Amino acid sequence: MRYLVLTDVHANLEALDSCLADARARGFDRSLVLGDIVGYATNPNEVIERVQALEPAAIVRGNHDKVACGIEQADGFNVVARSAAVWTLTALTPEHLEWLRALPRGPIIVDDLIEICHGSPFDEDAYISDDLEAIRALKSSQRPLCLFGHTHHAVTFELARGADSATLSARHDMQIPLLDGFKYLVNPGSVGQPRDGDARAAYAIVDSDRRLVELFRLDYAIEETQAKILKVGLPEVLAQRLGVGR
Ligand code: ZN
């Protein structure tokens with residue numbers, strides 16, 4: 001089975017369409033969506049329709065999905081994220097609001113190989129941004145491969161099963177062969193708002209038969225997304241950051 005993996009699309013239609021076209025050319029069977037489908041950019045309804053059309057094998061909600069559909073308050077959000085959430089709440093159709101409200105909490109077990117979550121397998125909203133959190137996530141994950149998002153940084157953490165935590169390694173390879181006896185924690189990077197210094201859209205394909213994860217980065221019409229953000233009056237910084245990938 002070849003799984004297309006999408007996370008942190010954040011209503012960026014141009015980035016999503018670029019990833020979908022590339023993934024279709026490479027070929028995939030099913031899709032896995034790791035949350036934060038909306039928030040920040042201006043096409044939440046269109047992006048939800050694209051995701052619905054994929055009929056994902058598994059999908060989890062992200063923190064922005066929860067706030068944008070009103071099931072959680074924007075308490076932890078900064079001013080910019082909050083204004084994007086408020087804008088998104090008013091832009092979403094009633095049907096799409098309902099759809100977002102019904103999204104399940106992670107983690108979700110997909111098959112014998114894969115588990116997915118938004119932030120981490122121990123807390124859907126936790127950020128895995130250092131070795132300690134990565135070790136905690138790897139130890140609580142129930143499958144050899146745990147896919148996560150939330151940080152908008154593409155990264156792979158690898159740990160030998162049952163080994164000392166000191167053997168943890170963080171890698172930035174674009175191809176990750178899944179070896180027996182190891183556990184993997186992979187963030188493909190954000191489709192719609194990369195923050196790892198590479199402005200290109202990010203996604204992954206997991207081939208469960210070949211036991212291989214492939215990460216991809218793609219150019220897309222950033223100027224178009226930026227122009228839409230400015231046009232609806234969202235904070236300028238949301239347009240600027242797309243250009244630098246931060
Ligand atoms: Zn996000």
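Leave aside the neighbours within four places in sequence, and Leu 234 touches Tyr 40, Thr 42, Ser 83, Ala 84, Trp 87 and Ile 229, where contact means heavy atoms within 4.5 Å. You'll find Leu 234 in the loop between helix H7 (222-231) and helix H8 (236-244); helices (H or I, at least four residues) and strands (E, at least two) are DSSP runs, numbered from the N terminus. With a relative accessible area of 7%, Leu 234 counts as buried (buried is under 20% relative accessible area, exposed over 50%, partly exposed in between, with a 1.4 Å probe and protein chains only).

A word on the model itself: it is predicted, so local features need pLDDT of at least 70 and side-chain atom pairs count only at pLDDT 80 or more, while totals for chains, interfaces and linings use all residues. Residues are numbered from 1 along each chain as its sequence is written, and side-chain values use heavy atoms, with hydrogens and water left out.

Now hop from Leu 234 to Phe 182: the two are 52 residues apart along the chain, and their C-alpha atoms are separated by 44 Å. Phe 182 forms a tilted aromatic pair with Tyr 184, at 6.4 Å centre to centre and 40° between the planes. Rings of Phe, Tyr and Trp (its six-membered ring) pair if their centres lie within 6.5 Å; planes under 30 degrees apart are stacked, over 60 edge-to-face, and the rest tilted. Phe 182 is partly exposed at 25% relative accessibility, whereas Tyr 184 is buried at 1%.

Tyr 184 is also the bridge partner, in E10, of Glu 158. Strands E7 (residues 155-160) and E10 (residues 182-187) run antiparallel and are joined by six bridges; two strands pair if DSSP finds at least two bridges between them. Zoom out and you get an open sheet of six strands with mixed pairing, in the order E4-E5-E6-E10-E7-E8. Strands E4 (108-109) and E8 (169-171) stand at the edges with a single partner strand each, so one side of each has no neighbour in the sheet.

Last stop, the zinc ion. Asp 8 (OD), His 10 (NE2), Asp 36 (OD) and His 152 (NE2) coordinate the zinc ion at 2.1 to 2.3 Å. Donors here are N, O and S atoms within 2.8 Å of the metal (3.2 Å for Na, K and Ca); water is not among the atoms, so sites may look incomplete. In sequence, the donor residues follow the spacing D-x1-H-x25-D-x115-H. His 10 is buried at 0% relative accessibility, and Asp 36 is buried at 1%.
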